[in-house]
Amino acid sequence: MRWPDFWLPSDGQQAAKTLREAWERAATERVEVACGGGRGRTGTALACLAVLDGVPADEVVGFVRRHYDKHAVETPWQRRYVQRFAVSAIP
C-alpha cells in the first residue's frame, strides 16, 4: 500500500481493508509487515493489527513499543491514526 515515510496511508479505506485482511490471514498463514525503517509505518500497522486482536486502543501504542520496538509509532499523527482506526475498525 502507498504509505509515505513518517506519514499516514494515502488511502485510509484501502489501508483498513488491507490491515484487516492481514489480520485475518495471520490466523492460518505467515504475514509480514514491513517498511523502510521498521518503526513508524510498521509500528503503526502492528498497532492496528493489535487493536483488531483485542488490545485496548488506549494501551496499544505502549503494547507495540514494549513487544516490538520502543520507538514504534513515531509521530503524533500516527498515534492519532491508530486511535481513529480503533474506533472505526471495531464494530
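## The largest pocket

Nine nonpolar, two polar and two charged residues make up the lining of the largest pocket. The model you are looking at is a predicted one, so treat this as a tour of a prediction. In total, 13 residues line this pocket, and Met1, Trp3, Val33, Ala34 and Ala45 are the ones nearest its centre. Two elements give two or more residues each to that lining: helix H1 (12-25) and helix H2 (40-52).

How much space lies in the largest pocket? The space comes to about 260 Å³.

## The second largest pocket

Now let's turn to the next pocket. The second largest pocket has about 160 Å³ of volume. Its lining holds 10 nonpolar residues and one polar residue, with no charged residues.

Which residues line the second largest pocket? You can look for Ala22, Trp23, Ala26, Val31, Leu46, Leu49, Ala50, Phe63, Val64, His67 and Tyr68. At least two lining residues come from each of three helices, namely H1, H2 and helix H3 (60-67).

## A closer look at helix H1

Helix H1 is 14 residues in length. From its first C-alpha to its last, H1 reaches 20 Å, which is close to the 20 Å expected at 1.5 Å a residue.

Which residues of H1 are buried? They are Ala15, Leu19 and Ala22. If you look down the axis of H1, its buried residues fall within an arc of 60 degrees, so they line one face of the helix.

What covers the buried residues of H1? The cover includes H2 and helix H4 (76-89). On the face of H1 turned away from the buried side, you will find the exposed residues Gln13 and Lys17.

## Thr44 in helix H2

Our last stop is Thr44, which sits in helix H2. Is Thr44 buried or exposed? Buried means under 20% relative accessible area, and Thr44 has 0% relative accessibility, so Thr44 counts as buried.

Which residues does Thr44 touch, leaving aside those up to four places away in sequence? Its contacts are Trp3, Arg39, Val73, Gln78, Tyr81 and Val82.

Technical notes. Residues numbered from 1 in each chain as written. Predicted model: local features only at pLDDT ≥ 70, side-chain atom pairs only at ≥ 80, totals over all residues. Heavy atoms only, no water. 1 Å grid on protein atoms, 1.4 Å probe; cavity = no way out; pocket = protein on both sides within 12 Å on 5 of 7 lines; lining within 4 Å. Points joined across faces, edges and corners; volume = space filled by probe spheres on them. Helix = DSSP H or I, 4+ residues; strand = E, 2+ residues; numbered from the N terminus. Nonpolar A, V, L, I, M, F, W, Y, C, P; charged D, E, K, R; others polar. Expected span 1.5 Å × (residues − 1). Buried < 20%, exposed > 50% of the residue type's maximum accessible area, 1.4 Å probe, protein only. Arc of directions from axis to C-beta. Contact = heavy atoms within 4.5 Å.
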